[in-house]
Amino acid sequence: MKKSDIVSKIHLVLCVYLIGGWMLPLLNSKILVGFIPCVYANWLVDKHKCILTRLEHHFLEEESKKEDTKIDIKYEGFVSKILKKYDINLKDEDINKLLVFVTFHSFFQSYRNVVLQI
């Protein structure tokens, strides 16, 4: 398996955890209360790009150089790439708004779980 595929799968798992981790036992909510702001801060500082997306693109470039093939690497976001697989075309601005809403919801639910000890 290629390194870019491994990073992509890890990215997917982390995205699912960020979205639904608050529904798991309380320890996960405690983790998310700290993890979500860190991910969001990285995303804001890095011009709406996730470090895992950058790492995946880096490995894609390396793999194309090793194979001596010119792969047209589209520098699009992870969520954008997934949505396009399902023929859902949204502007980057709309995807950013969606991501902010979803991560805020997950943070709020995690925070609520921690404060109320649910």
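Mentor: Let us begin with the idea of touching, where a contact means that heavy atoms lie within 4.5 Å. Please also keep in mind that this is a predicted model.

Trainee: Which residues does Ser8 touch, not counting residues up to four places away in sequence?

Mentor: Leaving those sequence neighbours aside, Ser8 touches Glu56, Phe78 and Lys81, while Ser8 itself is found in helix α1, which covers residues 3-20.

Trainee: Is Ser8 buried or exposed?

Mentor: A residue counts as buried when its relative accessible area is under 20%. Ser8 has 18% relative accessibility, and therefore it counts as buried.

Trainee: How many helices and strands does the protein have?

Mentor: The protein has five helices and zero strands, so that reading along the sequence gives the pattern α-α-α-α-α. The C-alpha trace spans about 55 × 30 × 30 Å along its principal axes, and among contacts between residues at least 6 apart in sequence, 61% join residues at least 24 apart.

Trainee: Which element of the protein has the lowest mean pLDDT, and which the highest?

Mentor: pLDDT expresses the predictor's confidence in each residue. Helix α3, residues 51-66, has the lowest mean value among the elements, at 89, whereas α1 has the highest, at 96. The protein as a whole averages a pLDDT of 91, with 94% of the residues scoring at least 70.

Trainee: How should I read the charged side chains, and how many salt bridges does the structure hold?

Mentor: The general idea is that side chains of opposite charge can pair when their charged atoms come close. In this structure there are four salt bridges, and the protein has 17 positive and 14 negative side chains. In one of the bridges, the side chains of Asp46 and Arg54 meet at 2.7 Å, N to O; Asp46 is partly exposed, with a relative accessible area of 22%, and Arg54 also counts as partly exposed, at 38%.

Trainee: Where do Lys97 and Glu93 lie?

Mentor: Both lie in helix α5, residues 92-116, and they are four residues apart, which is about one turn of the helix. Lys97 and Glu93 form a salt bridge in which the closest N and O atoms are 3.4 Å apart. Lys97 is exposed, since its relative accessible area is 51% and exposed means over 50%.

Terms used
Residues numbered from 1 in each chain as written. Predicted model: local features only at pLDDT ≥ 70, side-chain atom pairs only at ≥ 80, totals over all residues. Heavy atoms only, no water. Helix = DSSP H or I, 4+ residues; strand = E, 2+ residues; numbered from the N terminus. Buried < 20%, exposed > 50% of the residue type's maximum accessible area, 1.4 Å probe, protein only. Lys, Arg positive; Asp, Glu negative; His and termini not counted. Charge placed at Lys NZ, Arg CZ, Asp CG, Glu CD. pLDDT = per-residue confidence, 0-100.
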